[in-house]
Amino acid sequence: MTEENKINFDLSTLTLEELVEVYENIEIFLDYLEESKIEEEKGKEDE
């Protein structure tokens, strides 16, 4: 694998604005997962 294909996960290189954006995206993703989980459980009860 070449160096240019590697992804840098070092959050210390991000600005505060970028960190806030990452945090907001994680919150949106976690909310999506939580909603999906609830719908899945409801589907099981209907069977």
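## Burial and overall fold

A residue is termed buried under 20% relative accessible area, exposed over 50%, and partly exposed in between, with a 1.4 Å probe and protein chains only. By this criterion, buried residues account for 0% of the 47 residues in the protein. The structure is a predicted model, in which local features need pLDDT of at least 70, side-chain atom pairs count only at pLDDT 80 or more, and totals for chains, interfaces and linings use all residues. Residues are numbered from 1 along each chain as its sequence is written, and side-chain values use heavy atoms, leaving out hydrogens and water.

## Surface

The protein exposes about 4,900 Å², of which carbon and sulfur atoms supply 55% (Shrake-Rupley method, 1.4 Å probe).

Val22, Ile26, Phe29, Leu30, Tyr32 and Leu33 form a nonpolar surface patch with about 560 Å² of accessible area together. Such patches join residues with over 30% relative accessible area and no salt bridge, nonpolar side chains within 5 Å and like charges within 9 Å; a salt bridge places a side-chain nitrogen of Lys or Arg within 4 Å of a carboxyl oxygen of Asp or Glu. Ile26 counts as partly exposed because its relative accessibility is 44%.
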